[in-house]
Amino acid sequence: NNKNHVFDAFISHDDEITKVPAGSKILAGNNYTNVQAVVVKYKKGSFWATQYHPEYDLYEISRLILARKEKLIKSGIFLDEEALKSYVFDMESLYKDNSRKDLSWKLGIDEDILDFKNRTMEFNNWLTTEVGLWFCFS
């Protein structure tokens, strides 16, 4: 299965891959960092890695936002604590009911993140390609 050529995903890191080993292939990048996903081949093995977080859902990201509130406000991502809490409330409301088009539009979150199968496609692709298993996550 192929992800769209351009897709949204959650990031929550400050670390950055600055050099990939020989034999590596960069699979995804963005304006935040050039390496968001990579496959590294070494001897008879292959390792796939993402900097972004396909495993995180809206609830988990909202918890990270709360845990990092001082940093996010200080960096200007949120104007103040009230704005941060309002965003978290909207995100958790969308998590509880992902049919809320008003919140999806307001937060700029679409099926790339809301659809579990699409968001976690990397896991299925890795299992299929490298392990020889196929799972249908639902």
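Hi everyone, let's begin with helix α7, which gives 5 residues to the lining of the largest pocket, the largest share. Helices here are DSSP runs of H or I with at least four residues, strands are runs of E with at least two, and both are numbered from the N terminus.

A quick word on the model: it is predicted, so local features need pLDDT of at least 70, side-chain atom pairs count only at 80 or more, and totals for chains, interfaces and linings use all residues. Residues are numbered from 1 along each chain as its sequence is written, and side-chain values use heavy atoms, without hydrogens and water.

Back to the pocket. It holds about 1,400 Å³ of space, a volume filled by probe spheres set on grid points joined across faces, edges and corners. A pocket is an open set of points on a 1 Å grid over the protein atoms alone, where a 1.4 Å probe fits, with protein on both sides within 12 Å along at least five of seven lines; lining residues have an atom within 4 Å of a point. Of the 48 lining residues, the closest to the centre are Ala9, Phe10, Ile11, Gln36 and Tyr52.

Strands β1, β2 and β3 also give two or more residues each to that lining. How are they arranged? They form an open sheet in the order β1-β2-β3, with antiparallel pairing; strands pair if DSSP finds at least two bridges between them. β1 (24-28) and β3 (45-50) are the edge strands. β2 (residues 37-42) pairs with β3 over 6 bridges, and Val39 stands opposite Trp48 in β3.
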